[in-house]
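Subject: Structure handover and notes

Hello,

Here is the structure I said I would pass on. My notes on it follow below the files.

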Amino acid sequence: MPTAWRWRGWWRPLRPDIAHVNALIFPGHTWLLRRAAPAATAIVVQNHSPDGAVGRAPRLRLLGRACRRAVDAFLFAAHEHADPWRKAGFIAPAQPTYQVMEASSPLRPVARGVARTRSACADRPRSCGSGA
């Protein structure tokens with residue numbers, strides 16, 4: 001597992017606005033990411049299945065509980081998918097979850113000016129993703 005110091009070396013200069021972690025089964029890595037990323041970086045974790053390893057991995061549940069404060073928000077395809085993770089302690093009662101549908105379509109580049117007009121975003125947002 002990489003150290004927070006090694007990650008900090010390449011995260012800090014990027015200054016991402018948001019970091020996306022792909023799956024709830026990496027609580028230790030997510031915690032390291034929180035320590036390495038700038039404090040202003042929001043960390044979101046998206047999970048793609050309703051319960052995954054929740055019932056099969058007691059050590060993962062303990063680590064998930066210990067590291068859950070590293071996450072600013074959780075993304076699920078359906079609100080009901082968050083329930084087993086919340087019951088297992090991966091998500092604290094007050095932590096937000098959002099419903100976001102997965103997309104398996106290829107993404108195509110769009111000219112920066114067009115993207116800013118469509119999104120109404122005049123700033124320079126940055127995003128970094130991680131996961132399997």
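A crossing of two helices is called left-handed if the near helix is turned anticlockwise from the far one by less than a right angle, and right-handed if clockwise. That term is used further down. This is a predicted model, in which local features need pLDDT of at least 70 and side-chain atom pairs count only at pLDDT 80 or more, while totals for chains, interfaces and linings use all residues. Residues are numbered from 1 along each chain as its sequence is written, and side-chain values use heavy atoms, with hydrogens and water left out.

Overall layout

The protein chain has five helices and five strands; helices (H or I, at least four residues) and strands (E, at least two) are DSSP runs, numbered from the N terminus. Read from the N terminus, the order of elements is α-β-α-β-α-β-α-β-α-β. Of the 132 residues, 39% count as buried, where buried means under 20% relative accessible area, exposed over 50% and partly exposed in between (1.4 Å probe, protein chains only). Of the contacts (heavy atoms within 4.5 Å) with a separation of 6 or more, 65% come from residues 24 or more positions apart.

Helices α2 and α3

Two packed helices are described by the angle between their axes and the distance between the axes. The axes of α2 and α3 (residues 58-67) come within 8 Å and cross at roughly 20°; axes are lines fitted to C-alpha atoms, for helices over the stretch in contact, and angles run from 0 to 180 degrees between N-to-C directions. The two helices are therefore roughly parallel (angles under 35 degrees; over 145 is roughly antiparallel, 65 to 115 roughly perpendicular and the rest oblique). The crossing of α2 and α3 is left-handed. On the α2 side the contact is made by Pro27, Gly28 and Trp31, and on the α3 side by Leu60, Leu63, Gly64 and Cys67.

Helix α2 is mostly covered, with seven of its ten residues buried. Among them are Thr30, Leu32 and Leu33.

The salt bridge

The count comes to one salt bridge, defined as a side-chain nitrogen of Lys or Arg within 4 Å of a carboxyl oxygen of Asp or Glu. Aspartate 72 pairs with arginine 34, and their closest N and O atoms are 3.3 Å apart. The pair links distant parts of the chain, since aspartate 72 is in the loop between α3 and β3 (73-76) and arginine 34 is in helix α2, 38 residues apart. Aspartate 72 is partly exposed at 37% relative accessibility, whereas arginine 34 is buried at 19%.

Threonine 41, in the loop between α2 and β2 (42-46), touches both partners of that bridge, Arg34 and Asp72, and also Pro16, Asp17, Ile18 and Ala19, leaving aside neighbours within four places in sequence. Threonine 41 has 1% relative accessibility and so counts as buried.

Two other residues

Phenylalanine 76 lies in strand β3 and is buried, at 1% relative accessibility. Not counting residues up to four places away in sequence, phenylalanine 76 touches Leu24, Trp85, Ile91 and Tyr98, among others. Its C-alpha atom is 5.9 Å from that of glutamine 46, 30 residues apart along the chain.

Alanine 23 has a positive phi of about 125° although it is not a glycine. Alanine 23 sits in the loop between β1 (18-22) and α2 (27-36) and is buried, at 14% relative accessibility.

Regards
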